[in-house]
Amino acid sequence: MARTAPDAPRPTAAAVLDDAVRALTPDSAANRLVSQIEAGAAPRSVFATFALEQHQVIASDRLSFQHLARRADGDPPVADFFDLLAQGETRALKRLAGLADACGLSEREIAEYQPRPGCQAYPSYAARLALGGEPSDVAIALTANFAAWGGYCAVVAAAMRDHYGFPEAARGFFGFFAEPAPAVDEKAREAVQHGLDTGQAQPATAHRYGRLLQSYELMFWNSVGE
């Protein structure tokens with residue numbers, strides 16, 4: 001009698017997320033601006049541009065995360081993940097004020113600033129995913145992107161102290177994202193596990209989302225430095 005092959009083990013959320021981070025990590029030399037900042041070679045003006053662009057990015061991403069949470073209303077673990085991300089954007093905006101102040105930016109300059117297209121490609125694509133992407137797949141893609149983003153922020157925070165003499169308040173935005181975020185990591189695993197258990201998550205699709213997010217992330221940084 002022929003034996004029935006055992007079912008393949010189902011992937012865990014931790015394995016899926018680790019694979020996404022590993023597969024989607026950008027080349028270390030791809031982010032030209034962060035490399036320049038790390039060496040102290042970028043002009044100080046890039047920090048003002050960064051702050052101005054991030055005001056636009058944060059406002060858009062917060063709306064995207066809120067919309068994803070609403071779309072995932074029937075899947076509480078997924079909704080909880082995006083609710084937490086939206087709350088994080090609110091906290092990040094408060095920390096961004098320290099950088100804006102250190103760069104001498106007025107409220108009028110922030111309000112009237114005309115953003116650079118290359119800097120706003122990332123939030124525009126995130127909004128597209130918020131409208132039509134499967135939320136659990138978006139969670140996988142974002143988790144991979146956050147790993148790269150956090151690494152960039154850690155490098156910039158250290159360089160701002162060592163090469164540019166920025167005070168702690170000005171570095172707070174970067175420090176916020178550079179620090180470990182166990183609550184976010186836990187919510188990501190719960191969201192993705194729910195997606196895997198319900199058959200909603202498709203890691204191959206999530207990787208496609210993630211590759212574009214990583215490309216737009218690099219476009220953001222490199223456009224700030226132009």
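My entries on the pocket and the salt bridges follow.

**Ground rules.** I am reading a predicted model, where local features need pLDDT of at least 70, side-chain atom pairs count only at pLDDT 80 or more, and totals for chains, interfaces and linings use all residues. Residues are numbered from 1 along each chain as its sequence is written, and side-chain values use heavy atoms, with hydrogens and water left out.

I looked up the largest pocket and found about 880 Å³ of space in it. I then sorted the lining by class: 22 nonpolar, five polar and eight charged residues. (A pocket is an open set of points on a 1 Å grid over the protein atoms alone, where a 1.4 Å probe fits, with protein on both sides within 12 Å along at least five of seven lines; lining residues have an atom within 4 Å of a point.)

**Salt bridges.** My search of the whole structure gave four (side-chain nitrogen of Lys or Arg within 4 Å of a carboxyl oxygen of Asp or Glu).

- Asp19 pairs with Arg22 at 3.3 Å, N to O; both sit in helix H1, three residues apart.
- Arg161 meets Asp162 at 2.8 Å, N to O.
- Glu190 and Lys187 have their closest N and O atoms 4.0 Å apart, and both belong to helix H9, about one turn of the helix apart.

Key: Grid points are joined across faces, edges and corners, and a volume is the space filled by probe spheres set on the points. Ala, Val, Leu, Ile, Met, Phe, Trp, Tyr, Cys and Pro count as nonpolar, Asp, Glu, Lys and Arg as charged, and the others, Gly among them, as polar. Helices (H or I, at least four residues) and strands (E, at least two) are DSSP runs, numbered from the N terminus.
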